[in-house]
Amino acid sequence: MPRTLRHGPQRRTHPLVWFLAVICTIIAVAIIIAGMVVFVGYLVIHPRVPFISVANAHLHLLDNDLAGLLQTQISVTVRAENDNQKADATFSDIRLTLSFQGIKIAYLVAGQIEVSKKKSMDLNYVVQSSSIPLNPDQMDEVDFSRKRNVISFELKGSARAMWRVGPLGSVKFWNHLNCMLKFHPSNGTYIHSRCSSKSK
Ligand SMILES: *[C@@H]1O[C@H](CO)[C@@H](O)[C@H](O)[C@H]1NC(C)=O
């Protein structure tokens, strides 16, 4: 059966449709560029997120008796730092655990602290612990630490931090700290090492 071929007037795109298409394209490109600017901006400021670190520490006392009880006194300065130029930071729920050979000695905690832009705040803790019961292996470890003149404690925990951006906005961060605090038992000096929740 032969087909009927009809030749009608060519349908032309209305200029308004073209206009709308161009406007939509411009809006889409603008959104993509804005997104990239925010993303690059975030990458640039990201290394400056609020963080916590160990600024200093000292081993004041390390004593163990034959019964296997360890007595110690350690001071630790935890620094909450906000390198941001524009926003004040709020740290909350700082909770760190100090342990020796897996034995929890102390919790270093802090509630809410405010750190202005480009400022830091030091939290000083003095841990006094008497009669931490050690098993024979742990006692050997203490003796070995004395001989080597290096003793390690573990400091582990987390803190929350937040930037206030404008009257309503905020950016939240979750900081994790996991490091070894090393001291010379002979004079109690802290052996500085990188102990920070900063990712880089
Ligand atoms: C503590 O002892 C270590 C190792 O013996 C030494 O390197 C360090 O300088 C001493 N620190 C002080 C403050 O005397």
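How many residues lie between β8 and β9 in their hairpin, and which glycine in the turn has a positive phi? There are six residues between these strands, and Gly 188 is the glycine, with a phi of about 80 degrees. Let us walk through the rest of the chain from there.

First, a word on the model. It is predicted, so to speak of a local feature requires pLDDT of at least 70, side-chain atom pairs count only at pLDDT 80 or more, and totals for chains, interfaces and linings use all residues. Residues are numbered from 1 along each chain as its sequence is written, and side-chain values use heavy atoms, with hydrogens and water left out.

**Overall form**

The protein has two helices and nine strands; these are DSSP runs numbered from the N terminus, with helices being H or I of at least four residues and strands being E of at least two. Read from the N terminus, the order is α-β-β-β-β-β-β-α-β-β-β. The radius of gyration is 30 Å, while a compact globule of 200 residues would have one near 16 Å; the value is taken over C-alpha atoms, and the globule rule is 2.2 Å times the number of residues to the power 0.38. Along the principal axes, the C-alpha atoms fill a box of roughly 110 × 50 × 25 Å. Of the 200 residues, 36% count as buried, where buried means under 20% relative accessible area, exposed over 50% and partly exposed in between, with a 1.4 Å probe and protein chains only.

**Hairpins**

Strands count as paired if DSSP finds at least two bridges between them. Strands β1 (residues 51-64) and β2 (residues 69-82) are antiparallel, with 12 bridges. Asp 63 has Gln 71 in β2 as its bridge partner, and four residues separate the strands of this hairpin, where Gly 68 has a positive phi near 90 degrees.

Further along, β7 (residues 151-165) and β8 (residues 169-183) run antiparallel and are joined by 15 bridges. Here Arg 164 stands opposite Ser 170 in β8. Three residues lie between the strands of this hairpin, and Gly 166 takes a positive phi near 75 degrees. Strand β8 is also joined to β9 (residues 190-191), again antiparallel, by two bridges, and Phe 183 has Tyr 190 in β9 as its bridge partner.

Most residues other than glycine have a negative phi. Gln 101, however, has a positive phi of about 50 degrees. Gln 101 sits in the loop between β3 (89-100) and β4 (103-110) and is partly exposed at 39% relative accessibility. Asn 149 has a positive phi of about 60 degrees, lies in the loop between α2 (136-148) and β7, and is partly exposed with a relative accessible area of 24%.

**Around the ligand**

The polar contacts below are pairs of N or O atoms within 3.5 Å.

| Residue (side chain) | Ligand atom | Distance |
|---|---|---|
| Asn 149 | oxygen | 3.5 Å |
| Asn 187 | oxygen | 2.5 Å |
| Thr 189 | nitrogen | 3.2 Å |

The protein covers 36% of the 360 Å² of accessible area that the ligand has on its own, by the Shrake-Rupley method with a 1.4 Å probe.

Terms used: A polar contact is a pair of N or O atoms within 3.5 Å; within protein, one must be able to donate a hydrogen and the other to accept it, and residues adjacent in sequence count only if both atoms are side-chain atoms.
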